[in-house]
Structure formats: structure tokens, C-alpha cells
Amino acid sequence: MDTLQILRMNGGEGETSYAKNSVVQRKIMSYESPSIEEAVTDILCKNFSETMGMTDLGCSSGPNTLTLVSEVIDMVNSKSQKMGFSLPEIRVSLNDLPGNDFNDIFVSLPTFYQKQEEEKGKGFRNNCFISCVAGSFYGRLFPKKSLHLVHSSSSLHWLSRAPPRLAVDAAVPLNKGKIYISKTSPSSVSKAYLSQFREDLSLFLKSRSEEMVPGGRMVLSFLGRTPADPATEHGGYQWELLAKALTSMVSEGRVLEEKIDSFNAPYYAPSLEEVRNEVEEEGSFVINSLKAFEVEWDAGFQTDSACEIQENKGKISSRGGRVAKTIRAVVESMLESQFGREIIDDLFVKYAELVDDYFSRTTPIYINLVLSVTRKGP
């Protein structure tokens, strides 16, 4: 399963769009700000030039995309003034897979530039140049030594493909009834996922090392885990509940069991140690910091809101419905490719109910990792 072909966030501005259902990702971005600000300061102090190249890898679309760009520009502007530097020209490259809704970004740019000029003066437009680059970040995207700052948020937990070792080629599937690492998965499943993650992260780091200037900075934020056990609930229980929702549709005759058995999510939540080991082994970067923090599954939503979502089977309580819409906005394209469009609405009604039940027993959390590194030189 090639992620390039099947993964894209839901485009547009509709009720199931990523633009309307990415507040959790926005909350995660707020935790990255100190690392980004420290990186910007370091770049301006040690690596100042008249132009500054930056990229946001896995930028998606919607309000989060240009919010990050605006924050970085504000940081560069503020730090430059304090240091007595003139504002460098900033080249911003927004990257995502070809299926991303880049048109949403293009339509948003005039309003973005207008707002920036109102805040920073008419000359701003001649200091900031934004472009979009379609392609997988598991490979080269930019010219050599063209980037000073690399950022990626909520993206690197996506693998370039599902582990090929899990392809159904035996009488009994290796991960039967599951779509990700589970407590019942044999060790060969977690080993296959780890192997794919290591291959992908190594290629990612190698590619960025060629594109970044020596001393350039990179801040990466992605879902992970703190326990060593890859089957920990904090590492991927959202997939366990999704597998349960799909399995419930098998008995209804709406999903074939073998379709579940042959679907493996192209996702991996690495441990801190796995990330550190791979960065050190690849060797192009020095780790400045590697931290983990907890994020509730419905973080960023107004907890006192009376919001409920209405689906074709009636109302669903707020928290489960919100999580279901957040997950749907991210994985719908993959599920539709495997199971068909006709089950999607009912699938996420069931999923929301399972999430509600899970909330009644615990407080579900994601573990998010923030990695800050410096490109070695020269």
C-alpha cells in the first residue's frame, strides 16, 4: 500500500473537511512554538544571510497551514529587529502529497498577504515568497543547501507505505482482524512496522541533510509513544477502535473480513529511543532536544460546547463525535480506497460510539514527540 496514492486529508470547507476538523493538530502546533522560536533565533545568530529558506513538510490545507507561516515570519521579524538585522527575504515552500488540496492554500494567499501588509507595512510582499511543492518527503524535494529551517507537524508518523512484510500471502494473515499493532499481534508485526519506520526516517533525514545549509535547523513533531511496548494504548488505540468498528460491519455483510485482514495502516508511533537511535545512526544531525507530551484525543475543542454531530442514524454525543470527525478528516481517503465509499458514514457513527464508550472508562491521550535538530557542517 503506497501512501502516495491513498493518503490525503479531506479537502474543501465541508463538515468532514480537514479544514473544519484539525483543532487537535492546531493544539499540537502550539506546543512546538518554543522549539521553533529557539531554532529561528539560532539561525539568525549563527547563519544569517539576506535570504532564508524554510519549508513546512506535510502542510495539508486549511487554517493551520498559513498560521504556522505567519508565526515563523513574526519570529523572524521580531528577532531581526532586536538583533539589528534587516528583515531577510523569506522563501516559504509548502509541501504535501499530490492529492493535497493546494487550491485551498492558493485561494487563501491574497488574504494572508493583505493581513501581513496591514501589520508589517506595504513592503512585506517583497520579503516573503510562498510556493507549493507536491511530492513525498521520503526523498529529495529541494535544491542542495537551500533550506535554513525545516518544519513538519503531525506528518512523520505516516509511513511511505504499509510494511510489505504484512502482505497477505499465507492461509492465515499475520495480523488477522487488526489494522495496526495490537496486543494480540505477533511480534513479527511490530518488527515489520519498526523496520519500515527506520527505513523511512533514515531516507527522510538523508534527503533533508542534502537540502539544508550547514547549521540549519529542523523541528519535527509527530505522534509517538513513551513506553517501549509498541502496542501501548497511547501509541495507536485509535486504530484498535477503528478495527472494531469495521469488524462490526462484517456480521452485517457490509465489509468483507479479508478486506480487514489485508489492510494495514501506513502509520507508526515510534518511541523516544527509536527516534534517537535512528537520528544518531543516520549521522547528519545533532539532536538539540527530544521531548514527549500528552494531548487528549479531543484537545482544542471547547469543552463547554453543546455541539453534537448529526449523522444518518441520529445524534452522537459530543466527544465521540468530535474525535470521529477528526479521524475521518485524516483517514477517509485510505478507508474509501480499501472498503468503498458507501460504508463511510455508518462506519464513523459506529466509531464515535466506541470512542464515547472509551471516554467513559478513561481519558484517551496521544503522545506527541517534538524533535529539534541541527544540520552538521560543513
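How many nonpolar, polar and charged residues does the lining of the largest pocket have? In this predicted model, the lining is made up by class of 24 nonpolar, 20 polar and 4 charged residues. The space that lies in this largest pocket comes to about 730 Å³, and of the 48 residues that line the largest pocket, those closest to its centre are Met-9, Ser-154, Ser-155, His-157 and Trp-158.

Across the structure, the count of aromatic pairs comes to 17.

Two pairs that share Trp-297 can be followed in detail. A pair of aromatic rings is described by the distance of the centres and the angle of the planes. In the pair of Trp-297 and Tyr-358, the ring centres are 5.4 Å apart and the planes stand at 50 degrees, so this pair is tilted. It links distant parts of the chain, since Trp-297 is in the loop between strand 6 (285–296) and strand 7 (309–311), whereas Tyr-358 is in helix 10 (residues 344–361), 61 residues apart. Trp-297 has a relative accessible area of 1% and is therefore buried, and Tyr-358, at 3% relative accessibility, also counts as buried.

With Tyr-366, the ring of Trp-297 forms a pair whose centres are 5.6 Å apart and whose planes are at 20 degrees, so the pair is stacked, because planes under 30 degrees apart count as stacked. This pair, too, links distant parts of the chain, for Tyr-366 is in strand 9 (residues 365–375) and Trp-297 in the loop between strand 6 and strand 7, 69 residues apart. Tyr-366 is buried as well, because its relative accessible area is 7%, and buried means under 20%.

An aromatic ring can also have a charged group over its face, and here Arg-208 lies over the face of Phe-204, at 4.9 Å from the ring centre.

Finally, the reader may turn to helix 4 (residues 102–120), in which Gln-116 is found. With a relative accessible area of 1%, Gln-116 is buried, and, leaving aside its neighbours within four places in sequence, Gln-116 is in contact with Ser-70, Ile-73, Asp-74, Gly-121 and Phe-124.

Methods: Residues numbered from 1 in each chain as written. Predicted model: local features only at pLDDT ≥ 70, side-chain atom pairs only at ≥ 80, totals over all residues. Heavy atoms only, no water. 1 Å grid on protein atoms, 1.4 Å probe; cavity = no way out; pocket = protein on both sides within 12 Å on 5 of 7 lines; lining within 4 Å. Points joined across faces, edges and corners; volume = space filled by probe spheres on them. Nonpolar A, V, L, I, M, F, W, Y, C, P; charged D, E, K, R; others polar. Phe/Tyr/Trp six-rings, centres within 6.5 Å; stacked < 30°, edge-to-face > 60°. Helix = DSSP H or I, 4+ residues; strand = E, 2+ residues; numbered from the N terminus. Buried < 20%, exposed > 50% of the residue type's maximum accessible area, 1.4 Å probe, protein only. Lys NZ or Arg CZ within 6 Å of the ring centre and 35° of its normal. Contact = heavy atoms within 4.5 Å.
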